[in-house]
Amino acid sequence: MSKDKKFYQNWNSINSLFVIWIGHNDLKCLYRKKTTFEIDKITTELFNLIEKIYEVGARNFLILEIQPQHINPLKQSKKEDILMYNNKIIVKAKNFFKKHLNTNITVYNTFKKIEEIMANCDFFGFKDCVSAWQNNKKNKMEDYLWINNHLSEKGNKILSDDINDILTSLKV
């Protein structure tokens, strides 16, 4: 619960969207010898949790892929690990939907969107999509896509606007 905000307890399967976005930190600590096994384990556990949420009435899910950490200023995760995770999420989401045809499950391609922003830095209103603002604090934060290994507020706003456009376009 948030301070000074009323908790709305009357959710139902129609008016609620369950959003899941795990951080790259969950992948960057993998032991390189068992990466496939560990990503399988992480994604299986994630969908076990989604199944439990489904069992209590959730029907609308949005899963965000892990963003491309290999191209952020701190380069903390390996591209192949993130792509493996993201691909497994897509496969498991399709399988979940086949099992539960009364659901809406959308996987948002965070990876691709951030690559698009970085390739079109000026178009999205950034002066720097490669460096981290934390290393250039004398400059304006809104000029940077990255604060550190996390997106800036402006970067997150671009993602949220894109997600809103996608969700609004769905005829659910």
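A residue counts as buried when its relative accessible area is under 20%. By that cut-off, Lys113 and Asp162 are both buried. The model discussed here is predicted.

**Salt bridges**

- The structure has 6 salt bridges by the rule used here.
- Lys113 forms a salt bridge with Asp162, and the closest N and O atoms are 3.9 Å apart. This pair links distant parts of the chain, since Lys113 is in helix H4 and Asp162 is in helix H5 (residues 153-169), 49 residues apart.
- Lys113 also meets Glu116 in a salt bridge, with 3.4 Å from N to O. These two residues are 3 residues apart in helix H4 (residues 110-119), so about one helical turn separates them.
- In an α-helix there are 3.6 residues a turn, so residues three or four places apart point the same way.
- Lys113 has a relative accessible area of 11%, which means that it is buried. Glu116 has a relative accessibility of 34% and therefore counts as partly exposed.
- Lys113, Glu116 and Asp162 are linked in a network of salt bridges.
- Another salt bridge joins the side chains of Lys157 and Asp161, at 2.7 Å from N to O. Both residues lie in helix H5, 4 residues apart, or about one turn of the helix.
- Lys157 is partly exposed because its relative accessibility is 47%. Asp161 is also partly exposed, with a relative accessible area of 35%.

**The buried face of helix H4**

- The buried residues of H4 are Thr110, Phe111, Lys113, Ile114, Ile117 and Met118. Viewed down the helix axis, the buried residues of H4 fall within an arc of 165°, so they line one face of the helix.
- Lys112 and Ala119 are exposed on the other side of H4.
- Several elements cover the buried residues of H4, including strand S2 (60-64), strand S3 (104-108), strand S4 (128-132) and strand S5 (144-146). Helices H3 and H5 are also among the elements covering them.

**Aromatic pairs**

- A search of the whole structure finds 6 aromatic pairs. One of them is formed by Trp11 and Phe18, an edge-to-face pair with 5.3 Å centre to centre and 80° between the planes.
- Trp11 is partly exposed, because its relative accessible area is 35%. Phe18 also counts as partly exposed, at 23% relative accessibility.
- Tyr54 and Phe96 form an edge-to-face pair, with 5.9 Å centre to centre and 90° between the planes. Tyr54 lies in helix H2 (residues 35-55) and Phe96 in helix H3 (residues 79-99), so this pair ties together parts that are 42 residues apart in sequence.
- Tyr54 and Phe96 are both buried.
- Trp11, Phe18, Phe47, Tyr54, Phe61 and Phe96 form one aromatic cluster.

**Charges over rings**

- Arg59 has its charged end over the ring of Tyr54, 3.8 Å from the ring centre.
- Lys154 lies over the face of Phe126, at 4.7 Å from the ring centre.

Technical notes: Residues are numbered from 1 along each chain as its sequence is written. This is a predicted model: local features need pLDDT of at least 70, side-chain atom pairs count only at pLDDT 80 or more; totals for chains, interfaces and linings use all residues. Side-chain values use heavy atoms; hydrogens and water are left out. Rings of Phe, Tyr and Trp (its six-membered ring) pair if their centres lie within 6.5 Å; planes under 30 degrees apart count as stacked, over 60 as edge-to-face and the rest as tilted. Buried means under 20% relative accessible area, exposed over 50%, partly exposed in between (1.4 Å probe, protein chains only). A charge sits over a ring if NZ of Lys or CZ of Arg is within 6 Å of the ring centre and within 35 degrees of the ring normal. A salt bridge is a side-chain nitrogen of Lys or Arg within 4 Å of a carboxyl oxygen of Asp or Glu. The arc is that of the directions from the helix axis to the C-beta atoms. Contact means heavy atoms within 4.5 Å.
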